[in-house]
Amino acid sequence: MMMVYQVFIFDLDGTIIDSEKIGLEALQATLSEMGIVKDLEELRFSIGIPGLRTLEVLDISDTQTALDTWFQKQQPHMQNVPIFRDILEVIKRLPKTGIVTSQTKKELQAGFERLSIAQHFQTVVSADDTEYHKPNPDPLQLALQYLNCDSNEAIYIGDSPYDMECAKSAGVDFGVAAWGLTSTTRFTNAEYIFKNPYEILQLTT
């Protein structure tokens, strides 16, 4: 049964902007300079969590140097990162919108804020805004607070299992942004799977 929501909160990477390959290739190149060889599939676990957490999982000792290098390798590409087809047209028609992302404010300034789309969102919660990050519910709960809504009035839309776990922990329904995915088999607990952005509009009336 379809619900009607008052608030639509989105992940950023892989949901609104097609940036995941840029991030993975920059991470791969950063690790290569450190003598660590990983293929892109081995690094796919990093999608949806902050860069610092990724480096901790990879057991990198000098995380700050690695973060700086990773950022420098991404930066030239982020200001021209593609926006997924139709997503902005849909967002403009939604009643209230926000973003919960694992990007830091520095990363947002290098890419998202240069895309001239920030005006379409009432709030943006970054990795710098909470102590704990996805899949912890804290960033999504903070967005709900900023948007002045209850968990049952909102839906979170993202493309990673971390996004889904974050939504579930916060008591928020979850929709899969399947337009950037090759498979949705990991999302058996999602309330919705959206094959294209326009399907989201079914939840507004």
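Colleague: How many bridges join strand β2 to β3?
Modeller: This is a predicted model, in which local features need pLDDT of at least 70, side-chain atom pairs count only at pLDDT 80 or more, and totals for chains, interfaces and linings use all residues. Residues are numbered from 1 along each chain as its sequence is written, and side-chain values use heavy atoms, with hydrogens and water left out. Strands are DSSP runs (E, at least two residues), helices likewise (H or I, at least four), numbered from the N terminus; two strands pair if DSSP finds at least two bridges between them. Strand β2, residues 97-100, runs parallel to β3, and the bridges joining them number three.

Colleague: Which residue in β3 is the bridge partner of Gly98?
Modeller: The strands β2 and β3 run parallel. For Gly98, the bridge partner in β3 is Thr123.

Colleague: Which are the edge strands of the sheet?
Modeller: The open sheet has six strands with parallel pairing, in the order β3-β2-β1-β4-β5-β6. An edge strand here pairs on one side only, which holds for β3 (123-125) and β6 (192-194).

Colleague: What angle does the direction of helix α6 make with that of β3?
Modeller: Axes are lines fitted to C-alpha atoms, for helices over the stretch in contact (heavy atoms within 4.5 Å). Angles run from 0 to 180 degrees between N-to-C directions. Helix α6 (residues 138-146) packs on the sheet, touching β1, β2, β3 and β4, and its direction makes with that of β3 an angle of about 160°.

Colleague: Across which strands does helix α7 lie?
Modeller: Helix α7 covers residues 161-170 and runs at about 165° to β5. The strands it lies across are β4 and β5.
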